[in-house]
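Here is a briefing on one structure, grouped by topic. Please read it with the sequence and the model side by side.

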Amino acid sequence: MTSSSTSHFSLSCFSPSNLHFSSQTKPPKPVKQRVITGTISEKPPISPPEKPSKHPIRNIPGDYGLPLIGAWKDRQDYFYNQGTDEFFKSRIQKYQSTVFRTNMPPGPFISSNPNVVALLDGKSFPALFDTDKVEKRDVFTGTFMPSTDLTGGYRILSYLDPSEPNHAKLKKLVFFLLSYRRDHVLPEFHASYTDMFEALEAEIAANGKASVSGPNDAAAFNFLARAFYGVNPNDTKLGPDGPTIIALWVLFQLHPIISLGLPRLIEDPLLHTFSLPSFLIKAGYNRLYDFFFENSAQILDHAENTLGLARDEACHNLLFATCFNTFGGMKIFFPSLLKLVGGAGPKLHLDLAREIRMPLMKSVVYEALRIEPPVPAQYAKAKKDFVVESHDAAFAIKEGEMLYGYQPLATKDPKIFDRAEEFIPDRFVGEEGEKLLKHVLWSNGPETESPSVENKQCAGKEFVVLIGRLLLVELFLRYDSFEIDGTTDVVTSLKRASF
Ligand code: HEM
């Protein structure tokens, strides 16, 4: 592991206390300084020796079925017969356990071994973060890995275990990107999301409603290009095509584990049985790559001269961190945040609009990340034998076994959260509320911990929480309230700010 004592890119620039939105009618209130310790000089605490479990060891229930057939059957249940939530909940009932054996999609013929031990409660799930016990090599997308032809021939940072030398170098590169461009984040967010709200207003005026997803995609990509690379995509050869190319490129990587809602007889053979050939997306990917290469010279200089990385490897990683990790994350998180806040009704809107700097806003963002974690699946492989505990039992995990966690069940664990299935906007307000933050796990780690080169926690953790808050700031500086269509992210009205 590279020593990191000299490098120190503080991410405290993304602290909420650095939000400088000015409004005469809504002056920012002083907020309690929360020190963000996302520095790469920090060492994680040494994990204490394993305490003997207070529960007797129970055999891990469940089985993998017959070769090929068991995995195929589980895949049918997961996508078509039951759906994700029911797939897990029915097995929790059947085995009377939140830890059990199952197969995870895709199975045959894409993944060579679909067998996993599923961890489906808030107590056992964090075993996936403990890099002393588990290995995170090539498990970012689960029991299969997309072809490296889709990423310039490189195994990208998200696929590297912290024990691999390039993990530290590449994670430092992402920390550098966030720190180097920090002064551009707020103004560019404001510019891009003003455009988005104007587009939504025009659409609602014309058609009575507007889906957030298209305008959000355009705003997110413009924001990231301008904030991180200082360029407006529309002024380059890429034009407005970024979001569409990214959506297709991500589809080529994730098609084995998603459903597009097509009829089973078409979708299952097409998406879940063989990998789509990567040459089909090569021309689009090359356009994205050229865009990043042409607009990141100073960041690539840092990668080459200070971190000792090859320029093209660094550039493929910048592209991935921006387009997959960040754009992909925002594509899920922002519509979810707007849907949940929209559905919570005018009382919450009024409270947020009156006091957009107060702890309620932070709590709302954490609650959205808890109830709908944008990346719901995490995998890790046991490096040694160890014991995993659920609330009511202990299970012996063997070296080499693949562990899988479905995060919504961990973060909606009724043994940890009251009214766990409900969106409670002020859940994390106050001293007692803040104590629960350690159970918010969207970043592949507890919300109370920080990404470092030694762990696999999301490098953009503070950035993501910041932009979630910024979205609410933009929304409630501009509007008093808004309505959505049922439980979708389709906006049907926007009520302009009146105070
Ligand atoms: C809503 C937005 C985001 C979400 C939901 C998200 C979520 C995650 C999750 C769950 C992981 C761990 C995956 C695993 O190992 O199983 C991860 C890793 C990572 N994320 Fe994020 N992320 C977001 C935004 C960002 C941003 C803004 C950046 C940086 C610009 C970023 C960079 C990374 C990197 C580099 C890793 C790999 C870390 C490592 O290898 O140690 N992400 N992210």
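Ser 211 stands opposite Val 490 in strand 11. This is a predicted model: local features need pLDDT of at least 70, side-chain atom pairs count only at pLDDT 80 or more, and totals for chains, interfaces and linings use all residues. Residues are numbered from 1 along each chain as its sequence is written, and side-chain values use heavy atoms, with hydrogens and water left out.

- Strand 5 (residues 210–211) and strand 11 (residues 490–496) run antiparallel and are joined by two bridges.
- Two strands pair if DSSP finds at least two bridges between them.
- Helices (H or I, at least four residues) and strands (E, at least two) are DSSP runs, numbered from the N terminus.
- Strand 11 also pairs with strand 10 (residues 479–484), in the antiparallel sense, over five bridges.
- Tyr 479 has Arg 496 as its bridge partner in strand 11.
- Strand 10 and strand 11 form a hairpin, with five residues between them.
- Gly 486, in the turn of that hairpin, has a positive phi of about 60 degrees.

**The sheet 1-8-7**

- Three strands form an open sheet in the order 1-8-7, and the pairing is mixed.
- Strand 1 (57–58) and strand 7 (386–389) are the edge strands, and each pairs on one side only.
- Strand 7 runs antiparallel to strand 8 (residues 394–397), and four bridges join the two.
- Val 387 stands opposite Ala 396 in strand 8.
- Strands of a sheet pair through backbone hydrogen bonds, either parallel or antiparallel.

**The ligand and its iron**

- The ligand is surrounded by 26 residues. A residue is near a molecule or strand if one of its heavy atoms lies within 4 Å of it.
- The closest residues are Lys 136, His 167, Lys 171, Lys 456 and Cys 458.
- Cys 458 (SG) is the only protein donor of the iron atom of the ligand, at 2.2 Å.
- Donors are N, O and S atoms within 2.8 Å of the metal (3.2 Å for Na, K and Ca); water is not among the atoms, so sites may look incomplete.
- Cys 458 lies in the loop between helix 14 (430–435) and helix 15.
- Helix 3 (165–180), helix 10 and helix 15 (461–478) each supply at least two residues of the shell around the ligand.
- Helix 10 gives the most to this shell, with five residues.
- The shell residues divide into 13 nonpolar, 10 polar and three charged.
- Ala, Val, Leu, Ile, Met, Phe, Trp, Tyr, Cys and Pro count as nonpolar, Asp, Glu, Lys and Arg as charged, and the others, Gly among them, as polar.

**Contacts to ligand oxygen atoms**

- In the side chain of His 167, an N or O atom is 2.7 Å from an oxygen atom of the ligand.
- For the side chain of Lys 136, the distance from an N or O atom to an oxygen atom of the ligand is 3.0 Å.
- Asn 455 uses its backbone: an N or O atom there lies 3.2 Å from an oxygen atom of the ligand.

**Salt bridges**

- The structure holds 28 salt bridges. A salt bridge is a side-chain nitrogen of Lys or Arg within 4 Å of a carboxyl oxygen of Asp or Glu.
- Asp 74 forms one with Arg 91, with the closest N and O atoms 3.5 Å apart. Asp 74 lies in helix 1 (residues 69–81) and Arg 91 in helix 2 (residues 84–95), so the pair ties together parts that are 17 residues apart in sequence.
- Asp 74 is buried at 11% relative accessibility, and Arg 91 is buried at 10%. Buried means under 20% relative accessible area, exposed over 50%, partly exposed in between (1.4 Å probe, protein chains only).
- Arg 311 forms a salt bridge with Asp 301, the closest N and O atoms being 3.0 Å apart. Because Arg 311 lies in helix 10 (residues 311–344) and Asp 301 in helix 9 (residues 297–305), the pair ties together parts that are 10 residues apart in sequence.
- Arg 311 is partly exposed at 22%, and Asp 301 is partly exposed at 33%.
- Asp 351 forms a salt bridge with Lys 347, with the closest N and O atoms 2.6 Å apart. Both lie in helix 11 (residues 346–354), four residues apart, about one turn of the helix.
- Asp 351 is partly exposed at 21%, whereas Lys 347 is exposed at 60%.
- A network of salt bridges links Arg 137, Asp 138, Arg 155 and Glu 164.

Key
A polar contact is a pair of N or O atoms within 3.5 Å; within protein, one must be able to donate a hydrogen and the other to accept it, and residues adjacent in sequence count only if both atoms are side-chain atoms.
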